[in-house]
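Work through the exercises below with the structure in view. Each task is followed by a solution in steps.

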Amino acid sequence: MSKITAAITAVGAYVPEYVLTNKILETMVDTNDEWITTRTGIKERRILKEENKGASYLGIKAAEDLIKKSNLDPKEIDMVIFATATPDMPVAASAAYAASEIGAVNAFSYDLQAACSSFLYGMSTAARYIESGRYKKVLLIGADKMSSIIDYTDRATCIIFGDGGGAVLFEPNEEGLGLQDEYLRTDGVGREFLKIEAGGSILPPSEETVAKKQHFVQQDGKTVFKYAVSNMADASAKIMERNNLTSDDVNWLVAHQANKRIIDATANRMGVDDDKVLINIHRYGNTTSATLPLLLSDYEKQLKKGDNIIFASFGGGFTWGAIYLKWAYNS
Ligand code: UT7
């Protein structure tokens, strides 16, 4: 019997309607469209405005899109992984709620948090469950309501992030398609440079933490940028090297959308031309756990069975890595 590999067999996505443009941000903080565009590549991002809706709302909508497009019976889903840095609540898991809402009544589920690498690590986790032979349909959702943790008076962070959700289905494949290899890393030095200080077990919420705005994302952008460029490029080059892939062999780079300059540096290091680099940062900004599945959704029609795809991400923690996957279907 041939080895079971874990293939992506369906994709879904959702972004909220409200568009926060660079022009609107100019009226909120001391910034301008030219600076944002040249320094990050972002033109606009989506914001979830409806009250009492969290990341699960975005993830559920994305999963429903996947279910509708692929005619999937949600009762057949064995497992739901919800990759997110902005769960609805610290406890209980957004995954359990999302699974119930989409009708995945036979699934078990949990949240996975690794900042901007949540979805990439989720791919690794989903693949292991499939490769074990025990589970046949694993739904991986990546969704973040970044607007819930951003200080819209802080120009260093508010121009970067947006809200969105995406979902992919992993199923067993016996043609050798799907996830081939992965190189995943972490370095705890990162927690000083990209963090939300309060609200966790070190510094629980108090009037003081709220007054000091310690529940918002703080980022030392320059330092994070340096680590991101070198580590994401290294991981991507490494995975090509150990799978004997030349730049001609790589059909697509699907990289985390944090900054266009970081994506360009990674593509450059890999020797991959611009037309193979999936980009939507200009439309959505950095949606954290949703960037990779949103890219797959936007470019799904161009992806062909057998295509070699390199996924790469870098995020808070620090967390980063690259995954080599062979695409499994034509749509
Ligand atoms: O997804 C998780 C991982 N996160 C990342 O990968 C993000 C990595 N970092 C970055 O993408 C970039 O560092 C930023 C986009 C956040 C910032 O770009 P930068 O080129 O590193 O800018 P900087 O922080 O070094 O600031 C350069 C200048 C400063 O002015 P001075 O000191 O040179 O006079 C800033 O005050 O730009 C100024 N500046 C701004 N100006 C207009 C910073 N933010 C803004 C702004 N608008 N929004």
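**Exercise 1.** Find the aromatic cluster that includes Phe-193.

Solution. The cluster is made up of Phe-193, Tyr-227, Phe-314, Phe-318 and Trp-320. Rings of Phe, Tyr and Trp (its six-membered ring) pair if their centres lie within 6.5 Å; planes under 30 degrees apart count as stacked, over 60 as edge-to-face and the rest as tilted. The model is predicted: local features need pLDDT of at least 70, side-chain atom pairs count only at pLDDT 80 or more, and totals for chains, interfaces and linings use all residues. Residues are numbered from 1 along each chain as its sequence is written, and side-chain values use heavy atoms, with hydrogens and water left out.

**Exercise 2.** Describe the pair of Tyr-227 and Phe-318.

Solution. Searching the whole structure gives eleven aromatic pairs. In the pair of Tyr-227 and Phe-318, the centres are 4.8 Å apart and the planes 40° apart, a tilted arrangement. Tyr-227 belongs to helix H8 and Phe-318 to the loop between strand E12 (308–315) and strand E13 (319–326), so the pair ties together parts 91 residues apart in sequence. Helices (H or I, at least four residues) and strands (E, at least two) are DSSP runs, numbered from the N terminus.

**Exercise 3.** Are Tyr-227 and Phe-318 buried or exposed?

Solution. Buried means under 20% relative accessible area, exposed over 50%, partly exposed in between (1.4 Å probe, protein chains only). Tyr-227 has 28% and is partly exposed. Phe-318, with 1% relative accessibility, is buried.
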